[in-house]
Amino acid sequence: MKNKEIIARAAVRAGVLTADQAEEMVERDEDIPFHTLQGWKLRGKYKLKKEEKGTEVKIWRKKEDGSGFYLAKAYLYSKDQVEKE
């Protein structure tokens with residue numbers, strides 16, 4: 001399973017998207033509005049709102065030596081959980 005599919009499923013579980021919306025976004029290769037804090041910062045100057053908790057997922061990360069990939073724990077946040085700095 002690719003990261004986009006992992007994130008889409010997590011967005012559905014968290015109530016960010018419906019299953020139909022998530023499926024359509026994956027098929028169209030659209031940006032799913034559910035990101036890590038680093039992902040939100042890449043999209044602008046966002047910070048986490050107080051008291052917000054992320055949705056834990058395991059996503060694929062590239063090994064530092066470039067020899068492959070591994071599953072790493074990450075926390076995802078919806079647009080409602082972040083705010084502009």
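**Note on the sheet, the core and the salt bridges**

1. R28 is exposed, at 55% relative accessible area; exposed means over 50%, buried under 20%, and partly exposed in between, with a 1.4 Å probe and protein chains only. The model is predicted, so local features need pLDDT of at least 70 and side-chain atom pairs count only at pLDDT 80 or more, while totals for chains, interfaces and linings use all residues. Residues are numbered from 1 along each chain as its sequence is written, and side-chain values use heavy atoms, with hydrogens and water left out.

2. R28 forms a salt bridge with E30, and their closest N and O atoms are 3.6 Å apart. A salt bridge here is a side-chain nitrogen of Lys or Arg within 4 Å of a carboxyl oxygen of Asp or Glu. E30 is partly exposed, with a relative accessible area of 31%. Salt bridges link E24, R28 and E30 in a network. The structure holds five salt bridges.

3. D31 and R43 form another salt bridge, with 3.0 Å between the closest N and O atoms. This pair links distant parts of the chain, 12 residues apart: D31 is in the loop between α2 and β1, and R43 in the loop between α3 (37-42) and β2 (46-48). Helices (H or I, at least four residues) and strands (E, at least two) are DSSP runs, numbered from the N terminus. D31 is partly exposed at 45% relative accessibility, and R43 is partly exposed at 39%.

4. A salt bridge also joins the side chains of K47 and E83 (4.0 Å, N to O). K47 is in strand β2 and E83 in strand β5 (residues 82-84), so the pair ties together parts 36 residues apart in sequence. K47 has a relative accessible area of 38% and is partly exposed; E83, at 32%, is partly exposed.

5. Three strands make an open sheet, in the order β1-β4-β3, with antiparallel pairing. β1 (34-35) and β3 (55-62) are at the edges, each with a single partner strand, so one side of each has no neighbour in the sheet. Two strands pair if DSSP finds at least two bridges between them. β1 and β4 are joined by two bridges, and H35 has Y77 in β4 as its bridge partner.

6. Between β3 and β4 there are eight bridges, again antiparallel. W60 stands opposite L71 in β4, and I59 is opposite A72 in β4. The two strands form a hairpin with six residues between them, and G66 in the turn has a positive phi of about 75°.

7. Which residues does S78 touch? Not counting residues up to four places away in sequence, S78 touches V16, P33, F34 and W40; contact means heavy atoms within 4.5 Å. S78 is in strand β4 (residues 69-78) and counts as buried, at 10% relative accessibility.

8. The largest nonpolar core has 14 residues, and I7, L17, I32, F34, V57, I59 and L76 have the most contacts inside it. Elements giving two or more residues to this core are α1, α2 (19-27), β3 and β4, and α1 gives the most, with five. Such a core is a set of buried Ala, Val, Leu, Ile, Met, Phe, Trp, Tyr and Cys residues joined through side-chain atoms within 4.5 Å. Leaving aside neighbours within four places in sequence, the contacts of I32 include K4, I7, A8 and L17.
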